[in-house]
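Here is a briefing on one protein chain.

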Amino acid sequence: MRKNESAEAPERFSYLQSLVTEFQDTDSEEAKEQVLANLANFAYDPKNTEYLRELQVADLFLDMLTEDNENFVEFGMGGLCNLSMDPECRDIILQSDGISLVTSCLSNRREETVLSAITTLMNLATPTTRSQLSEPGILQCMLRFSLAESPRLRNLAAVFLQDCCSEEQVRQAQQQMQGHQTAIGIPLPKE
């Protein structure tokens with residue numbers, strides 16, 4: 001099996017490289033969406049992580065988070081979510097102001113994008129980043145999501161609050177929110 005995997009490696013890299021090139025060269029939004037969706041799916045397989053790092057796909061995904069095209073944002077966020085499980089990719093994301101870019105996706109109207117953003121933030125949690133992830137705005141957002149009708153959103157927000165924040169931080173955020181449910185400015189995503 002090892003021999004087969006090593007024979008496969010140049011073809012795998014070459015294919016991923018052709019996708020990145022296609023994304024860069026095409027003017028068609030539809031083609032770009034398809035390539036982004038494919039790259040996000042390939043980011044799920046750890047066999048591809050090294051190649052995607054070499055091709056700077058994390059930067060491509062990060063760039064998509066500020067696009068007007070909601071599919072670009074969704075696929076970029078999904079790809080980052082997949083890559084953020086890898087420690088080296090996590091560091092690349094963090095060095096590129098990833099927490100801020102990912103946090104901005106918490107206000108997206110698409111539930112899939114928001115779920116990927118929450119998961120990515122959890123994957124970006126390190127002793128160094130924990131203070132950023134437990135800022136009042138993010139905690140209040142997660143508290144709102146923990147009350148959402150969507151079980152996926154509600155449960156994931158609860159996991160974030162449990163895993164990324166202290167009980168004291170959550171309690172303080174709850175106190176700050178009392179009577180200010182609409183002041184946060186982050187609408188719940190549409191299902």
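**Fold and model**

From the N terminus on, the elements run α-α-α-α-α-α-α-α-α-α-α-α. That comes to twelve helices and zero strands. Helices (H or I, at least four residues) and strands (E, at least two) are DSSP runs, numbered from the N terminus. The chain has 191 residues, and 47% of them count as buried. Buried means under 20% relative accessible area, exposed means over 50%, and partly exposed lies in between (1.4 Å probe, protein chains only).

This is a predicted model: local features need pLDDT of at least 70, side-chain atom pairs count only at pLDDT 80 or more, and totals for chains, interfaces and linings use all residues. Residues are numbered from 1 along each chain as its sequence is written, and side-chain values use heavy atoms, with hydrogens and water left out.

**Salt bridges**

- The structure holds ten salt bridges (a side-chain nitrogen of Lys or Arg within 4 Å of a carboxyl oxygen of Asp or Glu).
- Side chains of opposite charge can pair when their charged atoms come close.
- Glu70, Glu74, Arg109 and Arg110 are linked in a network of such bridges.
- Arg109 and Glu70 meet at 2.5 Å, N to O. Arg109 lies in the loop between α7 (98–104) and α8 (111–123) and Glu70 in helix α5, so this pair ties together parts that are 39 residues apart in sequence.
- Glu70 also meets Arg110 in a salt bridge, at 3.3 Å, N to O. Because Glu70 lies in helix α5 and Arg110 in the loop between α7 and α8, the pair ties together parts 40 residues apart in sequence.
- Glu74 forms a salt bridge with Arg110, with the closest N and O atoms 2.8 Å apart. Glu74 lies in helix α5 and Arg110 in the loop between α7 and α8, so parts 36 residues apart in sequence are tied together.
- How exposed are the network members? Arg109 is partly exposed at 47% relative accessibility, and Arg110 is partly exposed at 26%. Glu70 is partly exposed at 23%, and Glu74 is partly exposed at 21%.

**Negative patch**

- Glu29, Asp63, Glu67 and Asp68 gather in a patch of negative charge on the surface.
- Patches are made of residues with over 30% relative accessible area and no salt bridge; like charges are joined within 9 Å, nonpolar side chains (Val, Leu, Ile, Met, Phe, Trp, Tyr) within 5 Å.
- Lys and Arg count as positive and Asp and Glu as negative; His and the chain ends are not counted.
- Glu67 lies in the loop between α4 (57–64) and α5 (70–83). Glu67 counts as partly exposed, at 36% relative accessibility.

**Cysteines**

- A search of the whole structure finds zero disulfides (pairs of cysteine sulfur atoms within 2.5 Å).
- Cys164 is buried, with a relative accessible area of 4%.
- Cys89 also counts as buried, at 1% relative accessibility.

**A buried helix residue**

- Phe145 is found in helix α10 (residues 136–145). Phe145 counts as buried, at 0% relative accessibility.
- Phe145 and Ala157 are twelve residues apart in sequence. In space, the C-alpha atoms of Phe145 and Ala157 are 5.8 Å apart.

Note on methods: Areas by Shrake-Rupley, 256 points an atom, 1.4 Å probe, with all protein chains shown as cover. Charge placed at Lys NZ, Arg CZ, Asp CG, Glu CD.
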